[in-house]
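Q: Could we go through this structure together? I would like to begin with the terms.

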Amino acid sequence: MKANKHTEVPIQKNIEEVMDLTYIRNLVTLISESNIDEIEIEEAGKKIRIAKGKNNTVASAIVPQQVSILQPPSVSEIKPLAAHTPSTTKEIRSPIVGTFYHSPAPDADAYVEVGAHIKVGTVLCIIEAMKLMNEIESDIEGKILKILVENGKPVEFNQPLFLVEPV
């Protein structure tokens, strides 16, 4: 493990020293200043995990925190499902990780809009991955109920993109 001159992380054998607050702070500093995204150390049955978040902020966990128990909502607080999401609704999911685009160009019309009737093979959107534009086609016939992703936003593999009412 490489550390700069400001953050020395001593290797300690005593478990009380391993879970010492100064040691943990040194580990957090080391992770935040390095290219390492995550580190996990386990010794004598005690475990510490330190990982960078999306904004390169560092979070660490040693032991579980106190868990608060939520009361279930009362019957009056439960809201019915929206009328346009019947149990027959199908999701069209992203086959790849990338950036979602509604249209082939910024000034072009969207491939589909809410309410549009689609057939198998209808191009729904483009997902850009590694500078390649991948047309995503429908695998079902139906009506677009909802577009679940904003134009230009990143999508994950298997993330729902569209809600469709099959015909």
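A: Contact means heavy atoms within 4.5 Å. This is a predicted model, in which local features need pLDDT of at least 70, side-chain atom pairs count only at pLDDT 80 or more, and totals for chains, interfaces and linings use all residues. Residues are numbered from 1 along each chain as its sequence is written, and side-chain values use heavy atoms, with hydrogens and water left out.

Q: With which residues is Ser-94 in contact, leaving aside its neighbours within four places in sequence?
A: Ser-94 is in contact with Ile-127, Val-155, Glu-156, Phe-157, Asn-158, Gln-159 and Leu-161, once neighbours within four places in sequence are left aside.

Q: Where does Ser-94 lie?
A: Ser-94 lies in the loop between strand 4 (90-93) and strand 5 (98-101). Strands (E, at least two residues) are DSSP runs, numbered from the N terminus.

Q: Is Ser-94 buried or exposed?
A: Ser-94 is buried, with a relative accessible area of 2%. Buried means under 20% relative accessible area, exposed over 50%, and partly exposed in between (1.4 Å probe, protein chains only).

Q: And strand 5, with what does strand 5 pair?
A: Strand 5 pairs with strand 10 (154-155) in the antiparallel sense, over two bridges. Strand 5 also runs antiparallel to strand 7, joined by three bridges. Two strands pair if DSSP finds at least two bridges between them.

Q: Which residues stand opposite each other there?
A: Thr-99 stands opposite Pro-154 in strand 10, while the bridge partner of Phe-100 in strand 7 is Ile-127.

Q: How many residues has the largest nonpolar core?
A: The largest nonpolar core has 14 residues, and Phe-100, Ile-118 and Leu-124 are among those with the most contacts inside it. Strand 7 (123-129) and strand 11 (160-166) each supply at least two residues of this core. A nonpolar core is a set of buried Ala, Val, Leu, Ile, Met, Phe, Trp, Tyr and Cys residues joined through side-chain atoms within 4.5 Å.

Q: What lies apart from that core?
A: Another core, of eight residues, lies apart from it; Ile-24, Leu-27, Ile-39 and Ile-48 are among its residues.

Q: Changing topic, what is phi of Lys-131?
A: Phi of Lys-131 is near 65 degrees, a positive value in a residue other than glycine. Most residues other than glycine have a negative phi. Lys-131 is found in the loop between strand 7 and strand 8 (132-137), and Lys-131 is exposed, with a relative accessible area of 74%.

Q: And Asn-158, what is its phi?
A: Phi of Asn-158 is near 70 degrees, also a positive value. Asn-158 is found in the loop between strand 10 and strand 11, and counts as partly exposed at 37% relative accessibility.

Conventions
Helices (H or I, at least four residues) and strands (E, at least two) are DSSP runs, numbered from the N terminus.
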